[in-house]
Amino acid sequence: PEILPEDRDPPPDDELTCAICRALLREPVVCRCRHVFCKGCIMMWLHTNRTCPLCRVPVQAASLVPAHPLIQNMVKCCSPGCSARVAVSIYTTHLGVCEFKEVPCPHDLCEHRCPRRTLEDHVKTCPHRMLTCELGCGAAMSASQLENHSCVLKLRLQETTASLEKWKQEASERSQLVKCLENSLAEMKLERDGWKLKAEKASRTLKSVRNTLRSVAWGTDAWMFPVKMARSKVERICLDLRDTAVDMDGWKLKAEYASRTLKNARHFLEMAALDIDNWKSTAEIAIRKLESVCRDLGNTAVGNPYKYL
């Protein structure tokens with residue numbers, strides 16, 4: 001609670017009040033100019049100014065120092081009828097236990113306020129205090145409601161409420177069953193539409209096949225004559241192939257005779273190659289003999305053995 005200067009006993013001097021908020025000093029600090037202010041007030045002042053509020057001397061927040069205790073401040077209680085005078089440090093604690101302090105009724109719906117010393121008597125007789133019915137239903141209600149309370153109506157209300165909850169549960173279950181049936185019906189409708197589309201497509205396909213068969217039947221007679229002409233041409237080609245086969249047999253005999261002739265010629269060539277190899281070896285032997293003779297004669301043309309041939 002806010003403690004005003006007039007609540008002090010005895011009243012404080014002007015030097016003990018803050019020149020900014022005009023209230024008693026709280027956490028007093030001293031400037032270089034020896035003026036004293038509340039710490040919160042002077043810090044807020046220095047946010048927008050850089051001088052002392054009284055003498056306009058330059059002041060910085062770092063230069064502020066705490067002030068020494070100046071007085072043991074005493075405060076009189078603000079509760080009507082209470083004559084207690086307490087120190088500032090325990091003023092809030094005193095208000096929490098003061099018998100003359102007005103406090104509200106603890107019941108939610110009650111707006112009555114009374115001194116703390118009479119609160120207990122009021123709580124015992126408060127019309128909004130909660131009571132329990134002792135006639136059998138065990139319902140909890142305020143004292144004013146208990147005066148007009150009927151247990152029979154209460155029990156009937158409880159039975160009706162239970163029946164209502166039961167019917168609500170059954171209705172919820174049936175509603176879920178109806179939703180399931182509706183979903184199944186929707187799926188069956190979709191399946192029916194799908195089969196309907198397939199049947200229509202199959203019907204169109206069948207009509208197309210029928211039309212195609214009719215066209216084929218009509219075109220069969222028109223194709224009979226070309227088929228007969230093609231058959232006669234095939235027969236003529238078969239005769240030509242037979243004649244060609246006879247000619248091929250003659251040419252086959254000629255090819256076999258030529259193959260045998262080539263084999264004989266190849267054999268003669270192989271024999272001639274053997275004779276050439278023999279003559280070549282004989283010539284090499286003769287050359288070696290000539291080289292030996294040349295070395296014996298001391299001829300200088302040793303490297304050219306064909307010079308004396």
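Analyst: What follows describes the sheet, the helix against it, a loop serine and, separately, a salt bridge. The model is predicted.

The sheet is open and has three strands in the order S2-S1-S3, with antiparallel pairing. Strands S2 (36-38) and S3 (65-66) form the edges, each pairing on one side only. Strand S1 covers residues 28-30 and is joined to S2 by three bridges in the antiparallel sense. Within this pairing, Val30 is placed opposite Val36 of S2. Helix H1, residues 39-46, packs on the sheet and touches both S1 and S2. The direction of H1 makes about 90° with that of S2.

Ser63 belongs to the loop between H1 and S3. Its relative accessibility is 15%, and because the cut-off for buried is under 20%, Ser63 counts as buried. A polar atom of the Ser63 side chain lies 2.6 Å from the backbone oxygen of Gln60. Leaving aside residues up to four places away in sequence, Ser63 touches Val30 and Arg32. Val30 is also the residue that stands opposite Val36.

Turning to charged side chains, the count of salt bridges comes to one. It is formed by Arg192 and Asp193, with an N to O distance of 3.6 Å, which is within the 4 Å limit. Arg192 has 54% relative accessibility, so Arg192 counts as exposed, since exposed means over 50%. Asp193, at 36%, counts as partly exposed.

Key:
Residues are numbered from 1 along each chain as its sequence is written. This is a predicted model: local features need pLDDT of at least 70, side-chain atom pairs count only at pLDDT 80 or more; totals for chains, interfaces and linings use all residues. Side-chain values use heavy atoms; hydrogens and water are left out. Two strands pair if DSSP finds at least two bridges between them. Helices (H or I, at least four residues) and strands (E, at least two) are DSSP runs, numbered from the N terminus. Contact means heavy atoms within 4.5 Å. Axes are lines fitted to C-alpha atoms, for helices over the stretch in contact, and angles run from 0 to 180 degrees between N-to-C directions. Buried means under 20% relative accessible area, exposed over 50%, partly exposed in between (1.4 Å probe, protein chains only). A polar contact is a pair of N or O atoms within 3.5 Å; within protein, one must be able to donate a hydrogen and the other to accept it, and residues adjacent in sequence count only if both atoms are side-chain atoms.
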